[in-house]
Amino acid sequence: MTDQEKRRQLRKYKAFATGLFVLMAAVFIITTILQKSDNSHWIGYVRAFSEAAMVGALADWFAVTALFHHPLGLKIPHTNLIQNKKDQIGDNLGSFVVGNFLSPQNIRPYILKLKASNFVGEWLSKERNQELLISETSVIVLDILKKLEDKSVVNFISGKAKEMSHDWKINQIVASGLQYILEKNDHQRLVTALSKQIKDYVLNNQEMVRERVKRESFALIPRFVDDAIADKITSGLSKYFEEVENDAEHSLRQEITGKLMVFSEDLKANEKWQDEFQSIKDSFLNEEKIQQYAHDIWNSIKKSLNKELESENSALKNYIRKNIIELSHNLQTDEKLQHKIDHWIRFTAYKYILKNTHQFGDLISSTVGNWEGKELSNKLELEVGKDLQFIRVNGTLVGGLVGLLIYTLSHFLI
């Protein structure tokens with residue numbers, strides 16, 4: 001019901017209760033007049049009923065009115081109670097709600113009934129809800145992207161990049177990477193590949209070897225001797241590197257491993273390498289270049305996100321949609337996941353409510369306390385005033401019956 005309808009209803013019941021009092025007053029006046037000229041017994045009974053009914057009606061009218069107003073505008077003590085005691089009412093109401101509704105034993109049964117995972121799973125299983133979630137999320141993210149100031153974001157990225165790279169010791173990073181490769185023995189694949197490449201290169205370039213041997217040979221040595229020497233060199237080299245290629249335990253491999261280990265240690269300890277790598281880092285990561293990198297990174301991210309979020313069937317949206325469907329299925333079928341989520345929600349809700357019960361009480365108390373006294377009085381009268389008018393009606397009828405009983409007893413027994 002609206003406030004206007006409640007006011008209309010309150011006026012109706014007030015008029016009814018007041019009309020009943022007026023009726024009793026009229027009956028009392030009529031019977032009083034009749035009694036002077038007529039000695040009929042029934043007139044006395046009716047007069048006694050109406051007289052007591054008027055007293056009961058007036059007493060209950062005063063009691064009901066004193067709750068919300070000063071009766072007849074007279075500032076009688078202990079009247080207009082709601083307005084005068086609003087702060088106390090707010091405190092008591094807050095304490096009542098906290099003590100009777102937010103106690104551990106009262107809220108625990110409701111907390112234990114919470115099954116948020118199943119509800120969320122069912123909600124997410126509906127296609128329209130999936131599209132609504134994706135659409136609204138996209139709108140929010142796009143709005144954030146539009147409101148972000150590009151310069152601030154670029155400065156943030158570049159600042160973080162400088163902060164992260166400031167203490168980088170590139171020589172130690174490279175040395176650690178090299179040691180990791182050596183520990184995993186991954187460098188052997190490179191040795192194998194290089195051995196094969198060298199072997200193939202030597203075999204494919206026999207003529208070049210012959211020309212080199214002939215060029216370095218003496219003029220008196222015959223051509224066939226130079227060619228024989230060149231062929232021996234080619235054959236020996238190719239076979240040697242073929243052995244390296246096929247033999248995982250070849251001495252050359254072990255020698256290369258040892259040299260690389262020594263080099264990695266030198267990279268870590270020798271200040272020469274630290275200075276050289278620092279110089280390389282400074283050339284690649286100076287302030288101007290970092291700013292440009294940050295600008296390019298942000299523009300790329302922003303452009304990609306805008307494109308993905310504005311397109312209906314983008315890869316990003318399809319990926320999100322796929323994961324929502326998977327999450328929905330898991331929330332409805334995976335009992336362990338359901339128990340884990342529901343337990344966390346119940347525990348968190350129970351803990352939060354118990355931790356903040358006093359705030360609920362303070363909220364009620366401060367809300368009631370901040371109302372104007374007259375406003376609070378009017379609000380409460382609109383809510384319960386109709387029922388209180390029945391107290392006036394009952395007071396009128398009960399008062400009349402009690403008066404009739406007293407009159408009857410006194411007439412017959414005294």
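The dialogue below treats these topics in order.

Reply: Please note at the outset that this is a predicted model.

Me: Let us begin with salt bridges. What is the general idea, and how many salt bridges does the count come to?

Reply: Side chains of opposite charge can pair when their charged atoms come close. The criterion here is a side-chain nitrogen of Lys or Arg within 4 Å of a carboxyl oxygen of Asp or Glu. By this rule the count is seven salt bridges.

Me: Which parts of the chain does the pair of Glu131 and Arg321 link?

Reply: The closest N and O atoms of Glu131 and Arg321 are 2.8 Å apart. The pair links distant parts of the chain, with Glu131 in helix α7 and Arg321 in helix α16, 190 residues apart. Glu131 is partly exposed, at a relative accessible area of 28%, whereas Arg321 counts as buried at 15%.

Me: Where do Asp143 and Lys147 lie?

Reply: Both residues belong to helix α7, four residues apart, which is about one turn of the helix. Lys147 is exposed, with 66% relative accessible area; Asp143 counts as partly exposed at 35%.

Me: Which residue forms a salt bridge with Lys302?

Reply: The partner is Asp150, and the closest N and O atoms are 3.0 Å apart. This pair also links distant parts of the chain: Lys302 is in helix α15 and Asp150 in helix α8, 152 residues apart. Lys302 counts as buried because its relative accessibility is 19%, under the 20% cut-off.

Me: I turn to helix faces. Which residues of α10 are buried?

Reply: One compares the burial of residues with their direction around the helix axis. In α10 the buried residues are His187, Gln188, Val191, Ser195, Lys199 and Val202. Seen down the axis, they fall within an arc of 115°, so they line one face of α10. On the other side, Arg189, Leu190, Gln197 and Asn204 are exposed. Helix α10 has 18 residues and reaches 26 Å from its first C-alpha to its last, close to the 26 Å expected.

Me: Finally, which residues form the nonpolar patch on the surface?

Reply: Phe119, Val120, Trp123, Leu132 and Leu133 form the patch, with about 450 Å² of accessible area together. Helices α6 and α7 each supply at least two of its residues, and the largest share, three residues, comes from α6. Leu132, placed in helix α7, counts as partly exposed at 41% relative accessibility.

Definitions and conventions
Residues are numbered from 1 along each chain as its sequence is written. This is a predicted model: local features need pLDDT of at least 70, side-chain atom pairs count only at pLDDT 80 or more; totals for chains, interfaces and linings use all residues. Side-chain values use heavy atoms; hydrogens and water are left out. Patches are made of residues with over 30% relative accessible area and no salt bridge: like charges are joined within 9 Å, nonpolar side chains (Val, Leu, Ile, Met, Phe, Trp, Tyr) within 5 Å. Accessible areas come from the Shrake-Rupley method with a 1.4 Å probe; for residues, only the protein chains shown count as cover. Buried means under 20% relative accessible area, exposed over 50%, partly exposed in between (1.4 Å probe, protein chains only). The expected span of a helix is 1.5 Å times one less than its number of residues. The arc is that of the directions from the helix axis to the C-beta atoms.
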